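Have the sequence and the model open side by side.

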Amino acid sequence: MSLTAADRDALAPKGMLDRLRAGDQRPLHALYRVHRDPFVKWATIYHPDLDTEALSDAFQDALISFYENVISGKLPELRTRPQTYLFRLGERFCYHQKKKRGPIVKVFEISDINGEDDDEDPDSTDPMPILLDDPFALTDELDELDRQRDLIDRALHQLTADCRRILQAYYYADQKISIEKLSAELEHNSVEATMARKSYCLGRLRALCRSGLTF
Amino acid sequence: MSLTAADWEQIENYADGTLPEAAKPAVEARLMVDVTFQAALAEHRSLVTGIRAAGRADLRQQLRRLNDEMGPPLVGTPSTPATDDDTPAQALGIAGKPALPLMRVSWRARWSRIAAAASLAAVVGVGALLMMRRPDSQALATRYGLADPGLPVLMGSDVPPNRVLVNQAMNAYKMGDYDAALDKWLHLPAGSIGPDTTLYYTGIFQYSAAQPVEAAQALARVRELPASAFRERADYYFALALWAQGRNQEAEVVFTRLAEQGNHPYADAAREALPHLSE
């Protein structure tokens with residue numbers, strides 16, 4: 001597909017990770033626009049049992065994981081091209097998609113799971129599939145977790161837009177860089193003022209969650 | 001006992017890793033004995049987990065919107081479902097493309113289509129020459145392919161009937177007549193040979209017969225079979241089949257993975273191939 005000038009800027013290798021760390025998500029959108037179709041075409045060969053929607057979801061998972069690895073500091077630099085990293089990650093998420101669509105989808109060899117950590121592979125971060133002996137064993141706990149997250153999500157949407165942005169910038173995106181940028185954007189006098197606001201917003205969120213189903 | 005604003009600030013800073021080192025022992029000592037304090041820390045962590053999940057959900061929403069704006073991915077058509085009457089190759093979805101239906105077409109329409117096709121072929125041909133460096137599978141097999149020896153051919157008069165066609169296909173393959181080998185292989189009676197063997201040699205014959213797209217599809221399915229004895233060989237030929245299609249980036253991913261596996265029998269071959277992908 002043809003690249004727009006904005007995509008080219010967003011995808012410029014130099015500084016891409018810094019832009020993501022600073023809270024700029026445009027590189028993610030550009031990566032998705034450019035690499036979704038090649039990924040789906042490629043993954044169809046590996047996973048002919050997954051439809052294009054599932055494969056697109058897997059690629060979205062890969063981008064989200066890539067972003068979280070960058071902003072959390074787990075991925076300080078890319079030693080390979082972004083598309084290679086994303087394809088590797090996306091392939092692993094295909095197994096998650098299979099898990100979502102059926103109880104048992106793939107038998108892994110023990111050596112795949114129990115092997116030594118591959119220190120040489122900077123991309124071998126988390127998302128290996130988790131295998132449960134009894135897929136229903138954790139259902140109750142997971143349901144409770146879902147309920148809690150749903151409550152917090154609804155509470156977040158009861159906050160002001162500024163509060164929501166501060167909390168997400170602080171706790172989801174990289175804490176230090178984002179909060180400084182946000183402080184300037186919100187025209188706060190200082191980062192300390194933004195941090196004080198963050199504490200206030202967190203208190204509001206806590207109160208809303210404690211009130212449970214009343215909101 | 002309820003907590004003060006200062007208590008909450010301590011908890012936040014402790015959990016977020018922003019509490020000064022000097023203040024940590026006091027917080028940790030209180031956490032050992034104060035149940036309310038412990039519960040507050042758990043509540044804070046739960047909130048943070050929820051905020052992160054919401055941040056991820058927002059990002060997911062953005063990507064889904066983008067996905068909808070882009071429309072469905074442009075990929076090939078899926079294979080048709082198998083039936084009980086299919087040959088093994090058909091049942092495995094690898095029997096090749098169905099013939100196009102015959103249609104009555106006027107000569108005028110034919111000539112106009114031929115002219116259009118010729119123009120298109122010329123454009124594609126020039127474009128291919130200018131833009132693509134797609135190695136043919138024969139060249140790759142010669143340079144990097146570790147020629148698969150094929151299955152042993154059973155000799156003598158007591159060859160089981162179900163192995164006759166297998167033998168013929170293998171003989172054709174060993175003689176270098178890959179099209180004939182493939183043709184015979186795709187017509188094996190059901191149950192002649194195991195499904196992974198069928199798939200693997202379908203891929204090898206297709207690859208040898210310069211059909212890398214079809215070969216990659218068959219070999220990809222062998223790679224999905226963890227118990228197959230052909231799995232590791234399929235990894236390597238799958239990468240070669242991608243390369244033969246000019247899909248160097250994807251081939252690079254597979255070769256890299258093989259090269260990183262010290263115990264993979266094709267790790268050395270993959271390492272040898274990798275530098276040439278960008279040639």
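How much area is buried between chain B and chain A? In this predicted model, the figure is about 5,000 Å². Carbon and sulfur atoms give 55% of that area. The size of an interface is often given in just this way, as the accessible area lost when the parts come together. Three residues of chain B stand out. B:Leu47, B:Ile51 and B:Leu63 supply 13% of the area that chain B buries against chain A, more than any other three residues. In residue terms, the contact takes 50 residues from chain B and 55 residues from chain A.

Step back to chain B itself. Chain B has 13 helices and zero strands. Read from the N terminus, its elements are α from beginning to end. The chain holds 279 residues, and buried residues make up 40% of them. Its accessible surface comes to about 15,800 Å², with 59% belonging to carbon and sulfur atoms. Now take the contacts within chain B between residues at least 6 apart in sequence. Of these, 56% join residues at least 24 apart.

Return to the interface and look at its polar side. Across the interface of chain B and chain A there are 20 residue pairs in polar contact, both residues being at pLDDT 80 or more. Which helices of chain B each supply at least two residues to the side that touches chain A? They are H1 (5-16), H3 (35-70), H10 (212-223), H11 (231-244) and H12 (248-260). H3(B) gives the most, with 22 residues. By residue type, the side of chain B that touches chain A divides into 21 nonpolar, 12 polar and 17 charged.

Next, the charges. Side chains of opposite charge can pair when their charged atoms come close. Over all chains, the count comes to 20 salt bridges. Eight salt bridges are found across the interface of chain B and chain A. One pair to find is A:Lys198 with B:Asp16, whose closest N and O atoms are 3.4 Å apart. There is also a network of salt bridges, which links A:Asp49, A:Lys98 and B:Glu224.

Now zoom in on B:Arg60, which sits in helix H3 of chain B. Is B:Arg60 buried or exposed? B:Arg60 counts as buried because its relative accessibility is 14%, and the cut-off for buried is under 20%. Apart from neighbours within four places in sequence, B:Arg60 is in contact with A:Asp57, A:Gln60, A:Asp61 and A:Ile64. With A:Asp61, B:Arg60 forms a salt bridge, the closest N and O atoms being 2.0 Å apart. A:Asp61 lies in helix H4 (residues 52-71) of chain A and B:Arg60 in helix H3 of chain B, so the pair joins two chains. Both A:Asp61 and B:Arg60 are buried.

Two pairs within chain A round out the tour. A:Asp24 forms a salt bridge with A:Arg26, at 3.0 Å between the closest N and O atoms. A:Asp24 is buried, with a relative accessible area of 16%, whereas A:Arg26 is exposed, at 58%. A:Glu185 forms a salt bridge with A:Arg165, the closest N and O atoms being 2.6 Å apart. This pair links distant parts of the chain, 20 residues apart. A:Glu185 is in helix H9 (residues 175-185) and A:Arg165 in helix H8 (residues 161-171) of chain A. A:Glu185 is partly exposed, with a relative accessible area of 40%. A:Arg165 also counts as partly exposed, at 40% relative accessibility.

Methods:
Residues are numbered from 1 along each chain as its sequence is written. Chains are lettered from A and ligands numbered from 1 in the order in which they are written. This is a predicted model: local features need pLDDT of at least 70, side-chain atom pairs count only at pLDDT 80 or more; totals for chains, interfaces and linings use all residues. Side-chain values use heavy atoms; hydrogens and water are left out. Contact means heavy atoms within 4.5 Å. Buried area is the accessible area (1.4 Å probe) that two parts lose on being put together, summed over both. A salt bridge is a side-chain nitrogen of Lys or Arg within 4 Å of a carboxyl oxygen of Asp or Glu. A polar contact is a pair of N or O atoms within 3.5 Å; within protein, one must be able to donate a hydrogen and the other to accept it, and residues adjacent in sequence count only if both atoms are side-chain atoms. Helices (H or I, at least four residues) and strands (E, at least two) are DSSP runs, numbered from the N terminus. Ala, Val, Leu, Ile, Met, Phe, Trp, Tyr, Cys and Pro count as nonpolar, Asp, Glu, Lys and Arg as charged, and the others, Gly among them, as polar. Buried means under 20% relative accessible area, exposed over 50%, partly exposed in between (1.4 Å probe, protein chains only). Accessible areas come from the Shrake-Rupley method with a 1.4 Å probe; for residues, only the protein chains shown count as cover.
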